[in-house]
Amino acid sequence: MFVFAVEAELEAMEHERVGVHRRGRKPDLALRRRLIGLIWTLSFGGLQWRLAGWLSGVPFTTLHSAFARWTRLGLWRRLGQRLAFDWRRARGDEVVPSAVVADSRSLRSAPSAWVRGIDGGKLVKGVKLLAVCDKHGSLLDFAFGPANVDDRAGTLPLLPRLANLGFQGDLLGDSGFKGAPFAEAALVHDIHVSVSPGGTRDGQFLPCGIRWVVERLFAWLSRYRRLNVVYDRQPDLFAAHVWVAMISIISRRMVAHAQAQQVV
């Protein structure tokens, strides 16, 4: 399903003349399908780039250059956000949500990563992923920072990007998003911050409203081994792997929903 979704988006970008292939050259559709499948395998299985190229017979330079070029063109972000909105339509919701959930997760990173920090609370040395999702757990946008960055400071760049998507509503978060400066910065974009402290009881997570869906999102992403330890030297390449995981999750969800509708 991931391969079909990416191929359809590439054809749409080609129709819009976004620059999917070089002028005067027709893309090799069979090779392109192999490359898309290999990219999914890299994200899900956590293979090394050169090892994946050696096992598949595809040159490493061809595989990595295609992935980097599609990343520069914005393919993964564009497709991931479009599928998130398509899933909302399939569930009978408005395209743009009225409330989103924000939270962060600290990821271990290799010394070669573009940035590193130490999260003293979780004892993790690496990168912090700050994610925003809707009530279905579909990723809408995210940002990176060192593991010691404050959640409010790391989420600030996401506010104008959410506004560009047309979002105006409530941003739900835990006590890490408490504070008047952050709330005032969000109000500039017609986003209202609602803080509800989380907690545990007897070692178990206590869900609060719809805020628990972001924890489920992180659990879904953790199945993709490439996302558990950051090895990439550039943030946009690692961000592409996050979008690849989300595209895979939502595309399978869309197909299962369509099959269920046909049975009914």
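Buried means under 20% relative accessible area. Keep that cut-off at hand for the exercises below, which use a predicted model.

**Exercise 1. Classify the aromatic pair of Phe67 and Trp76, and state whether the two residues are buried or exposed.**

Start with the ring geometry. The centres of the Phe67 and Trp76 rings lie 6.0 Å apart, and their planes meet at 35°. Rings pair if their centres lie within 6.5 Å, and planes under 30 degrees apart count as stacked, over 60 as edge-to-face and the rest as tilted. The angle of 35° therefore makes this pair tilted. Next, look at accessibility: both Phe67 and Trp76 are buried. Phe67 and Trp76 belong to one aromatic cluster, together with Phe2, Trp49 and Trp70.

**Exercise 2. Describe the pair formed by Phe44 and Tyr224, and find where each partner sits in the chain.**

Begin with the geometry once more. The ring centres of Phe44 and Tyr224 are 5.3 Å apart with 80° between the planes, an edge-to-face arrangement. Now place the partners. Phe44 is in helix 2 (residues 29-45), while Tyr224 is in the loop between helix 9 (213-222) and strand 9 (229-230). Then check accessibility: Phe44 has a relative accessible area of 36% and is partly exposed, whereas Tyr224, at 2%, is buried.

**Exercise 3. Work out how helix 1 and helix 2 pack.**

Take the axes to begin with. Helix 1 (residues 2-15) and helix 2 have axes 10 Å apart, at an angle of about 125°. That angle makes helix 1 oblique to helix 2, and their crossing is right-handed. For the contact itself, inspect the side of helix 1, where the residues include Phe2, Val3, Leu10 and Glu14. On helix 2, the contact residues include Leu29, Arg32, Ile36 and Trp40.

**Exercise 4. Which residues does Ala143 contact, leaving aside its neighbours within four places in sequence?**

Locate the residue: Ala143 belongs to strand 4 (residues 139-146). Its relative accessibility is 10%, so Ala143 counts as buried. Its contacts, with those neighbours left aside, are Lys128, Leu129, Leu130, Gly154 and Leu158. For one of these, Leu130, the C-alpha atom is 5.2 Å from that of Ala143, although the two residues are 13 apart along the chain.

**Exercise 5. Where does Arg50 lie relative to the ring of Phe60?**

Here one step is enough. Arg50 lies over the face of Phe60, at 4.0 Å from the ring centre.

How values were computed. Residues numbered from 1 in each chain as written. Predicted model: local features only at pLDDT ≥ 70, side-chain atom pairs only at ≥ 80, totals over all residues. Heavy atoms only, no water. Helix = DSSP H or I, 4+ residues; strand = E, 2+ residues; numbered from the N terminus. Buried < 20%, exposed > 50% of the residue type's maximum accessible area, 1.4 Å probe, protein only. Lys NZ or Arg CZ within 6 Å of the ring centre and 35° of its normal. Axes fitted to C-alpha atoms, helices over the stretch in contact; angles between N-to-C directions. Parallel < 35°, antiparallel > 145°, perpendicular 65-115°, else oblique. Left-handed = near helix turned anticlockwise from the far one by under 90°. Contact = heavy atoms within 4.5 Å.
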